[in-house]
Amino acid sequence: MLNYILRRLGAGLLLLAVVTAVTFCIFYVLPRWAGVTPRGMAAMYVGKAPTPEALDATVARLGLDQPIAVQFFDFVKSLLFGSEYTFGRETVECAAPCLGYSFTTNSPVLPQLLDRLPVTMSLAFGAAVIWVIGGVAVGVLSAVKKGSLFDRLAMGTALVGVSMPVYFTGLLALAFLVHEWNLFPVSRYVPLGEDPVGWFQVMILPWVTLAFLHAAQYARQTRAGMLETLGEDYIRTARAKGLSERRVIFKHALRPTLTPIVTIFGLDLGLVLGGAILTEKVFSLNGVGAYAIDAIIGKDLPVVLGVTLLGAVFIVICNLIVDLLYPIVDPRVRIAK
C-alpha cells in the first residue's frame, strides 16, 4: 500500500510539473509565437493607457525580454523558493509557493486565493454531498423500478438537468425562490465559524443549483450501471440463494456500479474546487471562480495563472484519493504492490 501511494504521489508530482510547463507555455511562449512583443505582454500588467516608461519598467521587472529558458527557470524558482518584486525603492516579497504578483490589486496572488478558497470549498463540498447522494439514490430506484412512472419522471428530470446550464437554473432560482416567493434570504456569504445557521441559509440554494446539474449525470450513470449489473449471473445466483432483495441490490449490484461513479466524482470535485465560475457569479459568491473571471476581464495574467495551477493541484489530489478508494468500493479491485 505504501509503495502504491508513493508511486501515485510521484505520478501526481510529475503531472503537476507537466501542467506547470504547459501553463507557462500558454501564457508566455504562445504570445511570442503569435508575434506579441515584450511590450505587448507588459501591457497586460500595467492597466489601461500605459506610458512607454511604465511598459519598459514592467518588461525589465518581469524579465519579459529574457530568453524563454531563463523566464521558465525564474517561474519555477518563484514557485519553489519565492520571489521579490521591486517598485522603485520599494521591494515586495512573495513567499513560496509564489503564484505571481497581481499588479491590479498590488499584492501576491496566493494569499488572495487562500482568502477566497473557503467560499469555493463550502460550495463544492456541500453540493457534492447532495449530487452524489441524490443522484445515486435516484439512479438505483430508477433501475429497480425500470419502466415505472417514477423511472420515466426521474430520467426526464435528469435529461432536463443535464440540458439546463447553471446560469439559467440559478437565475430562475433567484427570481422565484428568493425575490418572488421569499423562501430564501438575500444575504452575502458568512463564514461557517461565525454563523453556521446563516452560512447554511446562504449556501443551500447555490448547493442545490450546482448539484442539480451533476446529480442528473450521476442518476443516469448509476441507472445504466445498475441495469447492466442486475443482468449478471451472480445476481441471479444471489437471489436463488434466498438473499433479501435489499442485500442483493446494495451489496452485490450497487458496489460494482459505484466504481465509475467514484472516478467521475473525483474529476468533478477537483474541477469544482478549482472554481465553480458560473455558480459563484450568479449567486455573488466571492470565491476562486469569481476571482478568476474578474482577473480575465481585467487581464490580470498572474491571477489567471495561479487559478490554473491551483485547479491542477486539486484534480491531482482528488484523483489520488479516488485511486485509494477503489479497493474499498469494489473488493475485486486490488492495489498492485
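Visitor: Which residues in α9 meet residues in α10, and which are their partners?

Guide: From α9 come Y234, I235, A238 and R239, and from α10 come E245, V248, I249, H252, A253 and P256. Contact here means heavy atoms within 4.5 Å. By class, this contact has seven nonpolar, one polar and two charged residues. Ala, Val, Leu, Ile, Met, Phe, Trp, Tyr, Cys and Pro count as nonpolar, Asp, Glu, Lys and Arg as charged, and the others, Gly among them, as polar. The model is predicted: local features need pLDDT of at least 70 and side-chain atom pairs count only at pLDDT 80 or more, while totals for chains, interfaces and linings use all residues. Residues are numbered from 1 along each chain as its sequence is written, and side-chain values use heavy atoms, with hydrogens and water left out.

Visitor: What makes α9 roughly antiparallel to α10?

Guide: Helix α9 (residues 233-240) and helix α10 (residues 245-273) pack at an angle of about 160°, with axes 10 Å apart. Angles under 35 degrees count as roughly parallel, over 145 as roughly antiparallel, 65 to 115 as roughly perpendicular and the rest as oblique. The angle of about 160° therefore makes α9 roughly antiparallel to α10. Axes are lines fitted to C-alpha atoms, for helices over the stretch in contact, and angles run from 0 to 180 degrees between N-to-C directions. Helices (H or I, at least four residues) and strands (E, at least two) are DSSP runs, numbered from the N terminus.

Visitor: Which residues make the contact between α5 and α13?

Guide: V109, L113 and L117 in α5 meet P302, V303, G306, V307, L310 and F314 in α13. The contact has eight nonpolar, one polar and no charged residues.

Visitor: Why is D323 called buried?

Guide: Buried means under 20% relative accessible area, exposed over 50%, and partly exposed in between (1.4 Å probe, protein chains only). D323 has 14%, so D323 is buried. This residue is in helix α13 and, leaving aside neighbours within four places in sequence, is in contact with Y4 and R8.

Visitor: How do you know that N182 and S284 are exposed?

Guide: N182 has a relative accessible area of 60%, so N182 is exposed. S284 has 52%, so S284 is exposed as well. N182 is in the loop between α7 (166-180) and α8 (196-230), and S284 in the loop between α11 (277-282) and α12 (288-297). Phi of N182 is near 55°, a positive value in a residue other than glycine. S284 also has a positive phi, about 55°, and is not a glycine.

Visitor: Which residues touch the most other members of the largest nonpolar core?

Guide: They are Y28, L99, L113, L123, W131, W207 and M226, out of 73 residues. A nonpolar core is a set of buried Ala, Val, Leu, Ile, Met, Phe, Trp, Tyr and Cys residues joined through side-chain atoms within 4.5 Å.
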